[in-house]
Amino acid sequence: MNGLPLWKRFRILANPMRLEMLSLLNGRPPMFVQAIGEQLGCSEDVASKQLQLLADGDFLSQERKGRFLFYSGMESDRLGCLVLEESLRDGADLGSIMKSLTAFTHERRILIVRELAKGARVFEELCGATGISLDAMKRHLRKLEGRGFVERRDGCWHGIARKDRLGKDLLRIVLD
């Protein structure tokens, strides 16, 4: 992996078009940008920019052949494979997948979840342990609570042990 922070990798995946591109390239021979754009009904320029982001996040590999740039899926990427598998599942809800992914598109939210994995914290303790300001902490906790990864109970903030497969697996990746 190229060392891109985990939250940036989540941010790259939390886009329906890029997820569709991963699905298109899944298990297929490499495709060039123009063909991918045609398949998805977007311009070559738009396809190129989105594919480059996926390659930067190590979700795709790229290979130049002459003047053409070919892309193929990276079956070894844990996060990409997890999200792709979930999106291809029968009855998959893309909105729910995107909602879960966006819980972790900011480095502070990952820090909060990691801190709460150590145990419940009152708000001020959580701010002190993470170095996050009161206002920013409120915003991030609201986002995490709305996505079902934390909850406030008995005056303390707690991490939630998710029951759904995607939530469990995303937490596993964040906590590793």
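## Surface and overall build

The chain exposes about 9,400 Å², and carbon and sulfur atoms supply 49% of this area. Accessible areas come from the Shrake-Rupley method with a 1.4 Å probe, and for residues only the protein chains shown count as cover. This is a predicted model: local features need pLDDT of at least 70, side-chain atom pairs count only at pLDDT 80 or more, and totals for chains, interfaces and linings use all residues. Residues are numbered from 1 along each chain as its sequence is written, and side-chain values use heavy atoms, with hydrogens and water left out.

The C-alpha trace spans about 60 × 35 × 25 Å along its principal axes. The chain has 10 helices and 5 strands. Helices (H or I, at least four residues) and strands (E, at least two) are DSSP runs, numbered from the N terminus. Of the 176 residues in the chain, 45% are buried. Buried means under 20% relative accessible area, exposed means over 50%, and partly exposed lies in between (1.4 Å probe, protein chains only). Now take the contacts (heavy atoms within 4.5 Å). Among those with a separation of 6 or more, 59% join residues 24 or more positions apart.

## The largest pocket

The largest pocket holds about 150 Å³ of space. Rolling a probe the size of a water molecule over the atoms shows where empty space is left. The search uses a 1 Å grid over the protein atoms alone; a pocket is an open set of points with protein on both sides within 12 Å along at least five of seven lines, and lining residues have an atom within 4 Å of a point. Grid points are joined across faces, edges and corners, and the volume is the space filled by probe spheres set on the points.

The lining of the largest pocket has 14 residues, and N26, M74, G80, C81 and L84 lie nearest the centre. Two elements, α2 (16-25) and α5 (78-88), each give two or more residues to this lining. Helix α5 gives the most, with 5 residues. By class, the lining has 8 nonpolar, 3 polar and 3 charged residues. Here Ala, Val, Leu, Ile, Met, Phe, Trp, Tyr, Cys and Pro count as nonpolar, Asp, Glu, Lys and Arg as charged, and the others, Gly among them, as polar.

## Helix α10

Which residues of α10 are buried? They are L166, G167, D169, L170, L171, I173 and V174. The cover over the buried residues of α10 includes α1 (6-13), α5, α6 (94-101) and α7 (107-116).

D169 lies in this helix, which runs over residues 165-175. D169 has a relative accessible area of 18%, so it is buried. The side chains of D169 and R172 are joined by a polar contact of 2.5 Å. A polar contact is a pair of N or O atoms within 3.5 Å; within protein, one must be able to donate a hydrogen and the other to accept it, and residues adjacent in sequence count only if both atoms are side-chain atoms.

Most residues other than glycine have a negative phi. D58 is not a glycine, yet its phi is positive, about 65°. D58 sits in the loop between α4 (44-56) and β2 (60-65). D58 counts as buried because its relative accessibility is 16%. S76 is 18 residues from D58 along the chain, and their C-alpha atoms are separated by 9.6 Å. S76 is in the loop between β3 (68-73) and α5. S76 is exposed, at 68% relative accessible area.

D154 also is not a glycine and has a positive phi, about 55°. D154 is in the loop between β4 (150-153) and β5 (156-159). Is D154 buried or exposed? D154 is exposed, with a relative accessible area of 78%.

Definitions and conventions: On a 1 Å grid over the protein atoms alone, a cavity is a set of points where a 1.4 Å probe fits but cannot get out, and a pocket is an open set with protein on both sides within 12 Å along at least five of seven lines; lining residues have an atom within 4 Å of a point.
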